[in-house]
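Let's take a walk through this one together. Have a look at the chain below, and then we'll go from the overall layout down to a couple of residues.

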Amino acid sequence: MALFSSNPPGDSGYPVATTTTLNDDTIAAAWYVLISSQNKRNDPNLSDTNDIYLVATFGTLAGALDTNGVGAGGFKYSVTGARLLNRDGGSGSWQVVKIRN
């Protein structure tokens, strides 16, 4: 999954897609995981109750992986690299879910 910053962002952000090209400065293929927790202590552990944000940086800018309020569409997610971390109250947040057998 990569963020393509070579084109100006649209209303919903920068284009996001899969790629095999890793040596292009306009393609950000590394994503940082930011954890949002109700726990106010300095605790870096991730639990299945935390929301997370996936952020790709390019130059001095960044884009957060955002569903654009669309979510799943068949076997895919319609996502972009939004310019705001959580631009419409939830479309930029993801949650880790523990699968129990």
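In what order do the elements of the protein chain run from the N terminus on? They go β-β-β-β-β-β-β-β. Keep in mind that this is a predicted model. The tally for the protein chain is eight strands and zero helices.

Now for the chain as a whole. It has 101 residues, and 28% of them count as buried. Take the contacts with a separation of 6 or more: 45% of these come from residues 24 or more positions apart.

Let's zoom in on threonine 80, which sits in strand 7, residues 80-82. Is threonine 80 buried or exposed? Its relative accessibility is 11%, so threonine 80 counts as buried, the cut-off being under 20%. Leaving aside residues up to four places away in sequence, threonine 80 touches Ser12, Gly13, Tyr14 and Val16, and also Ala64, Leu65, Asp66 and Asn68.

Next, over to leucine 46. You'll find this residue in the loop between strand 4 (32-36) and strand 5 (51-58). Leucine 46 has 42% relative accessibility, so it counts as partly exposed; that class lies between the 20% limit for buried and the 50% limit for exposed.

Conventions. Residues are numbered from 1 along each chain as its sequence is written. This is a predicted model: local features need pLDDT of at least 70, side-chain atom pairs count only at pLDDT 80 or more; totals for chains, interfaces and linings use all residues. Side-chain values use heavy atoms; hydrogens and water are left out. Helices (H or I, at least four residues) and strands (E, at least two) are DSSP runs, numbered from the N terminus. Buried means under 20% relative accessible area, exposed over 50%, partly exposed in between (1.4 Å probe, protein chains only). Contact means heavy atoms within 4.5 Å.
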